[in-house]
Amino acid sequence: MNVAIIKYNAGNIYSVEYALRRLGVEAKITKNMEELRQADKVIFPGVGEAANTMNYLKNSGLDKFIKSLKQPVLGICLGMQLLCSHSEEGDVDCLGIFKTDVKKFMPIQHEDKVPHMGWNTITCTKSPLFKGFTKEEFVYFVHSYYVPICADTVAETDYILSFSAALHKDNFYATQFHPEKSGSVGERILKNFLSI
Amino acid sequence: MLAKRIIPCLDIKDGQTVKGTNFINLRQAGDPVELGRMYSEQGADELVFLDITASYEGRKTFTDLVRRVAANINIPFTVGGGINELSDVGRLLEAGADKVSINSSAIRNPQLINEVASHFGSQVCVVAIDARRTDVGWKCYLNGGRIETNKYLFDWAKECNDRGAGEILFTSMNHDGVKTGYANEALVTLTELLTIPVIASGGAGKPEHFRDVFLTGKADAALAASVFHFGEIKIPELKQYLCSYNINIRL
């Protein structure tokens, strides 16, 4: 299988590459649009700041290109947030695949620490990404902004409030958590994505 | 609900795991990648690798080790030791680390915390604090506990929080290696003072100590080394035990 990881200034590209390699898949890390177009699966990782990253994507033409992809695409963390309409992080318009805004966590009590960092459970899972899940599983999150529950929500997590742990619309899949860092559960999610 | 984390810590010297008691008398405890993988399979929530080698060659060996850890382990890990400037952080993140822990260099140059946070994000920036309870309060130490500073634990931790640190890793030098429990009194003060997670370190000897550090110390994560390395406490059993006290743990 031909898997491509979009190469840009994101922090977790190599973690995703390593995770795929552990599944026996050699992914191509590239920003070459022809190579990305020909891939069977495309992964859009992301660790960083939304406005700067959108700026980079616009300048390189990747913004329009990513929207035009037809094969299954998996956005991870900031990658998921950038697939939404708008982010409060840097007040920036994003790619608009998922018609929802990205909001900043507002702590209600002292225990509500931001970023939301660590292992938390995902519930209400309804997507091929979670095929074979029989109980609430823990996955690894690191984020300060969240996507509210919306029409495209396919998994939920509770921290301060209920938010979207995963989204799915057409050929676009996305997780707020890091499957590449979520142990054997994360490996199952990546495997499920690769077999879509 | 967000789970409390169990974090084995591996001290690395010349590419090998070592662990001392009260910061001296180093003992060997195995290959870091193998140990790390074993902990990950047993249910460790994160790993910390601390480079205690000071030499240039040692540093290069450590970066190679970070790359091997990233390739082989599927849970988050933090690396620390010998990080003096922004480029050290970049090098370790590029090698595949998820977070970096800065200690002495943050005390010498507090601005480094702001720089790491603004360049790579707060979530990357763990500030480790080694402190000892003295007659005049909890004093912070440099260089693995060898040099006393004029900083006090609570003031310094708050300053780190305000400068953009993502987590505080607090080691009580009074408790480290003596296996009589964590510094819960200081921990509860810290967790109430700060708006970022606190990792407790120093003092784990029995499963009860982990229970107490979460229930009494209110820590977000508990770090330990030798009790895991020498098999005195097994992570799966420890996690079952903590669950039986209704502590939210990832099983």
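1. How many salt bridges are there between chain B and chain A? The count is two, in a model that is predicted and should be read as such throughout. One of these pairs is B:Asp98 with A:Lys181, where the closest N and O atoms are 2.9 Å apart.

2. Within chain A, an open sheet of four strands has the order 6-5-7-10, and its pairing is mixed. Strand 6 (92–93) and strand 10 (145–146) of chain A stand at the edges with a single partner strand each, and therefore one side of each is left without a neighbour in the sheet. Strand 5 (residues 84–87) and strand 7 (residues 98–104) of chain A run parallel and are joined by three bridges; A:His86 has A:Asp101, in strand 7 of chain A, as its bridge partner.

3. A separate point concerns A:Ser164, which lies in strand 12 (residues 161–169) of chain A. A:Ser164 has a relative accessible area of 0% and is therefore buried. The side chain of A:Ser164 reaches the backbone oxygen of A:Pro148 at 2.8 Å, and it also makes a polar contact, at 2.8 Å, with the side chain of A:Thr153. When neighbours within four places in sequence are left aside, the residues in contact with A:Ser164 include A:Met80, A:Val147, A:Ile149, A:Cys150, A:Ala155 and A:Gln176, as well as the A:Pro148 and A:Thr153 already named.

4. In chain B, strand 5 (residues 77–80) and strand 6 run parallel, with three bridges joining them, and B:Val79 has B:Val100, in strand 6 of chain B, as its bridge partner. In a regular strand the side chains alternate between the two faces of the sheet. In strand 6 (residues 99–102) of chain B, B:Lys99 and B:Ser101 point one way while B:Val100 and B:Ile102 point the other way, and all are buried.

5. The colleague inspecting strand 12 (residues 221–224) of chain B will find B:Ala221 and B:Leu223 pointing one way and B:Ala222 and B:Ala224 the other way, all of them buried. Strand 1 (residues 5–13) of chain B runs parallel to strand 12 of chain B and is joined to it by four bridges, with B:Ile7 standing opposite B:Leu223. Strand 11 (residues 198–201) of chain B also runs parallel to strand 12 of chain B, here with three bridges, and the bridge partner of B:Ala200 is B:Ala222.

6. Two further residues of chain B may be checked individually. B:Ser104 is found in helix 4 (residues 104–108) of chain B and, at 14% relative accessibility, counts as buried. A polar atom of the side chain of B:Ser104 lies 2.9 Å from the backbone nitrogen of B:Asn143, and, not counting residues up to four places away in sequence, B:Ser104 touches B:Leu142 and B:Asn143. B:Gly121, in the loop between helix 5 (111–120) and strand 7 (125–134) of chain B, counts as buried at 16% relative accessibility. The C-alpha atoms of B:Gly121 and B:Gly164 are separated by 8.4 Å, although these residues are 43 residues apart along the chain.

Conventions. Residues numbered from 1 in each chain as written. Chains lettered and ligands numbered in written order. Predicted model: local features only at pLDDT ≥ 70, side-chain atom pairs only at ≥ 80, totals over all residues. Heavy atoms only, no water. Pairing = 2+ DSSP bridges. Helix = DSSP H or I, 4+ residues; strand = E, 2+ residues; numbered from the N terminus. Salt bridge = Lys/Arg side-chain N within 4 Å of Asp/Glu carboxyl O. Buried < 20%, exposed > 50% of the residue type's maximum accessible area, 1.4 Å probe, protein only. Polar contact = N/O pair within 3.5 Å; in protein donor to acceptor, adjacent residues only side chain to side chain. Contact = heavy atoms within 4.5 Å.
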